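Let's take a friendly walk through this model together. Keep the viewer open as you read.

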Amino acid sequence: MRRSNGTAAAQTGITLNQEFGVIRGSAFDGTAYQSNLAMINFVAGQTWSSGQNGSYIQFSVTPNGGTATTEVAIIDTNGRFDIGRGISINGPAITTTGPARLYIRG
């Protein structure tokens with residue numbers, strides 16, 4: 001997996017939150033193939049240049065009974081593993097900015 005912006009003759013760096021690699025699951029549901037229902041995305045955490053290449057990994061799944069993916073975990077640009085991201089139970093989703101290396105949402 002690799003990506004650039006611009007053209008083949010004049011490539012430019014990728015920008016903040018741009019996906020540069022993905023692993024996607026696809027399967028037959030009895031009628032048609034459904035795609036992108038479980039994913040691991042590799043994403044730019046900043047606009048890239050020769051001196052900065054921040055990135056994060058995003059994990060998404062489709063809940064039982066659903067047809068669309070939901071982000072459920074992320075390994076952020078600081079190496080924190082945040083489980084439960086994007087999930088809201090009894091209120092808005094919680095976010096952490098602390099130094100925790102593993103953050104589990106309940």
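## A buried asparagine

A polar contact of 2.8 Å links the side chains of Asn5 and Gln18. Please keep in mind that the model is predicted. Asn5 belongs to strand β1, which covers residues 5-6. A polar atom of the Asn5 side chain also lies 3.2 Å from the backbone oxygen of Gly13.

Is Asn5 buried or exposed? Its relative accessibility is 16%, and because buried means under 20%, Asn5 counts as buried. If neighbours within four places in sequence are set aside, the contacts of Asn5 are Ala10, Gln11, Thr12, Gly13, Ile14, Thr15 and Gln18.

## The overall plan

Now for the wider view. The chain has 0 helices and 8 strands, and reading along the sequence gives the pattern β-β-β-β-β-β-β-β. Of its 106 residues, 19% count as buried.

The chain exposes about 7200 Å², with carbon and sulfur atoms supplying 54% of that area. Among contacts between residues at least 6 apart in sequence, 17% join residues at least 24 apart.

Strand β3 (residues 19-28) and strand β4 (residues 33-44) run antiparallel and are joined by 8 bridges.

Next, follow β5 to strand β6 (residues 70-75): the two run antiparallel, with 5 bridges joining them. Phe59 has Ala73 in β6 as its bridge partner.

Strand β6 is joined in turn to strand β7 (residues 81-83) by 3 bridges, and these strands run antiparallel too. Ile74 stands across from Asp82 in β7. Which residue takes a positive phi in the hairpin of β6 and β7? That residue is Gly79, with a phi near 85°, in a hairpin that has 5 residues between the strands.

## Two salt bridges

How many salt bridges does a search of the whole structure find? The search gives 2. Side chains of opposite charge can pair when their charged atoms come close.

One of them joins Glu19 and Arg24, whose closest N and O atoms are 3.2 Å apart. Glu19 is partly exposed because its relative accessibility is 27%, and Arg24 is partly exposed as well, at 41%. Another salt bridge brings together the side chains of Arg80 and Asp76, at 2.8 Å from N to O. Both partners here count as buried: Arg80 has a relative accessibility of 16%, and Asp76 has a relative accessible area of 19%. Since the cut-off for buried is under 20%, Asp76 falls within that class.

Notes:
Residues are numbered from 1 along each chain as its sequence is written. This is a predicted model: local features need pLDDT of at least 70, side-chain atom pairs count only at pLDDT 80 or more; totals for chains, interfaces and linings use all residues. Side-chain values use heavy atoms; hydrogens and water are left out. Two strands pair if DSSP finds at least two bridges between them. Helices (H or I, at least four residues) and strands (E, at least two) are DSSP runs, numbered from the N terminus. Buried means under 20% relative accessible area, exposed over 50%, partly exposed in between (1.4 Å probe, protein chains only). A polar contact is a pair of N or O atoms within 3.5 Å; within protein, one must be able to donate a hydrogen and the other to accept it, and residues adjacent in sequence count only if both atoms are side-chain atoms. Contact means heavy atoms within 4.5 Å. A salt bridge is a side-chain nitrogen of Lys or Arg within 4 Å of a carboxyl oxygen of Asp or Glu. Accessible areas come from the Shrake-Rupley method with a 1.4 Å probe; for residues, only the protein chains shown count as cover.
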